[in-house]
Amino acid sequence: ALDAAHRLGIHHGGLKPGDIRLDQTGSPQLADLGLRETAGALSTASLAAGGRLPHVAPETLGGGQADARSDVYSLASILYGATSGAPPFGDLTDQDVPTLTERILREIPKSLIPFGVPADVDHALLTALSKDPRGRPQSAGALRDLLAAASTAPRPATGRRGDRGSLPPTIALGDAPSFSTSPLSIDDVPFDELATPAEGYPIID
């Protein structure tokens with residue numbers, strides 16, 4: 001939906017996680033589209049009250065004109081938060097509005113690699129979070145394509161199950177313990193051949 005809006009020359013201007021909703025089929029739907037087009041520029045206080053401030057693009061806070069690239073930043077910020085558990089620069093639960101605003105304008109987001117994100121996907125998201133809009137994918141569709149290419153890129157093998165190299169160096173393949181495949185039994189009588197007592201088995205709570 002966001003890509004279609006961008007192709008029509010419409011930008012969201014204040015994307016937050018709550019604007020992305022799932023319909024009955026589980027497909028994502030976009031809410032509040034065109035809010036900035038109808039309501040005009042929102043103040044920092046309005047952005048903070050609406051929960052949009054943690055995801056707003058730096059140029060918007062700096063007095064610049066928001067466009068599709070601002071939505072790309074916000075979408076990448078939401079994806080970053082979904083992966084790490086928090087927006088790139090935190091939210092207003094542990095800092096005030098001026099502090100968060102300054103961090104968005106000045107700081108560089110940390111890598112997501114410690115959260116298990118592949119390096120190429122991490123690079124794609126951090127690119128979309130560039131301070132300079134010219135350094136980001138230029139539309140939601142471009143960000144989608146960048147992430148799709150990153151997520152399908154071949155990855156190096158990392159010790160697949162059964163590889164000799166995946167075993168500790170002090171253990172050889174021939175030293176692996178063996179386990180009996182014989183059926184469980186009582187006094188050498190297999191379970192499936194045991195007679196059921198006439199009174200049945202006791203019930204154990």
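Helices here (H or I, at least four residues) and strands (E, at least two) are DSSP runs, numbered from the N terminus. Before you read on, bear in mind that this is a predicted model: local features need pLDDT of at least 70, side-chain atom pairs count only at pLDDT 80 or more, and totals for chains, interfaces and linings use all residues. Residues are numbered from 1 along each chain as its sequence is written, and side-chain values use heavy atoms, with hydrogens and water left out.

Back to H5. Its 17 residues reach 24 Å from the first C-alpha to the last, close to the 24 Å expected at 1.5 Å a residue; that expected span is 1.5 Å times one less than the number of residues. H5 is also mostly covered, with 13 of its 17 residues buried. Buried means under 20% relative accessible area, exposed means over 50%, and partly exposed is in between (1.4 Å probe, protein chains only). Across the protein, 33% of the 205 residues count as buried.

What does the largest nonpolar core look like? It has 26 residues, and Tyr 73, Ile 104, Leu 143 and Leu 147 have the most contacts inside it. Two or more residues each come from H5 (68–84), H6 (97–106), H7 (119–128) and H8 (140–151), and H5 gives the most, with 6 residues. A nonpolar core is a set of buried Ala, Val, Leu, Ile, Met, Phe, Trp, Tyr and Cys residues joined through side-chain atoms within 4.5 Å. In soluble globular proteins, nonpolar side chains tend to be buried together.

Now compare two residues by their contacts, meaning heavy atoms within 4.5 Å.

| Residue | In contact with |
|---|---|
| Ile 104 | Leu 53, Pro 54, Val 56, Pro 58, Leu 61, Tyr 73, Phe 89 and Lys 131 |
| Leu 105 | Pro 58, Leu 61, Gly 62 and Lys 131 |

Leu 105 sits in helix H6. Is Leu 105 buried or partly exposed? It counts as partly exposed because its relative accessibility is 26%.

Over in H7, the buried residues are Val 121, Asp 122, Ala 124, Leu 125, Thr 127 and Ala 128. They pack against H5 and H8.

The largest pocket has a volume of about 320 Å³, and of its 15 lining residues, Ala 1, Leu 2, Ile 20, Pro 28 and Leu 75 lie nearest its centre. H8 supplies the largest share of that lining, 5 residues.

Stepping back, the protein has 8 helices and 4 strands, in the order α-β-β-α-α-α-α-α-α-α-β-β along the sequence.

How far can you trust all this? pLDDT is the predictor's confidence in each residue, from 0 to 100. The protein averages 77, and 65% of the residues score at least 70. Confidence is highest in H7, at a mean of 96, and lowest in helix H2 (residues 35–39), at 47. Over residues 159–181 the pLDDT is below 50, and this stretch has 5 contacts in the model beyond near neighbours in sequence.

Notes. On a 1 Å grid over the protein atoms alone, a cavity is a set of points where a 1.4 Å probe fits but cannot get out, and a pocket is an open set with protein on both sides within 12 Å along at least five of seven lines; lining residues have an atom within 4 Å of a point. Grid points are joined across faces, edges and corners, and a volume is the space filled by probe spheres set on the points. Lists of a residue's contacts leave out its neighbours within four places in sequence.
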